Amino acid sequence: MLYTYPACFYEEKRGGYSVIFPDLDHLATKGDDLNDAMNMAIDCLAGYIYTAKRERERFPAPSDMASIDVNDEYDDYKRAFINMVPVDVEEYAKVHFEKSVEKTLTITKWINDAAVAANIDFSNVLQEALRQKLVKK
């Protein structure tokens, strides 16, 4: 599903761009240039919505772009403008958030042999154990 939110883009006096999403509690990111700032804004928006959906949290509907005053958000910039930032969160997540990475690990031979004999899926066991550890923090 495509989500589109207005974002305020600020060209910094020292270079680069800051990006603020006023509808999303002033969620912010930045980029080295305008293209990088847009890519970072897409990543930031996708991450926010992806996390909110996973945690079953509500997030606000986007405002009309005309209702946002770009000058109310930030005051130390060369120039500013508002742009809509679109992202297909499900597609973005498949590539950036849910992509599997290969890891190398070392275990003792007897554990390996016993796990192989028991037809245990090493990857699933490790992921489950890591999730449990991360939730406890």
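1. Tyr 10 is buried, at 0% relative accessibility (buried is under 20% relative accessible area, exposed over 50%, partly exposed in between; 1.4 Å probe, protein chains only). Bear in mind that this is a predicted model, where local features need pLDDT of at least 70, side-chain atom pairs count only at pLDDT 80 or more, and totals for chains, interfaces and linings use all residues. Residues are numbered from 1 along each chain as its sequence is written, and side-chain values use heavy atoms, with hydrogens and water left out.

2. There are five aromatic pairs in the structure (ring centres of Phe, Tyr or the six-membered ring of Trp within 6.5 Å; planes under 30 degrees apart are stacked, over 60 edge-to-face, the rest tilted). One of them is Tyr 3 with Phe 59: the centres are 5.8 Å apart and the planes at 65 degrees, so edge-to-face. This pair links Tyr 3 in strand 1 to Phe 59 in the loop between helix 1 and strand 4, 56 residues apart (helices, H or I, at least four residues, and strands, E, at least two, are DSSP runs numbered from the N terminus). Tyr 3 is buried at 12%, while Phe 59 is partly exposed at 23%.

3. Tyr 10 also pairs with Tyr 77, in a tilted arrangement: 5.1 Å between centres and 55 degrees between planes. Tyr 10 lies in strand 1 and Tyr 77 in the loop between helix 1 and strand 4, so the pair ties together parts 67 residues apart in sequence. Tyr 77 is buried too, at 18%.

4. Ring pairs also join Tyr 50, Tyr 92 and Phe 97 into a cluster.

5. Leu 126, in helix 4, is partly exposed at 38% relative accessible area.
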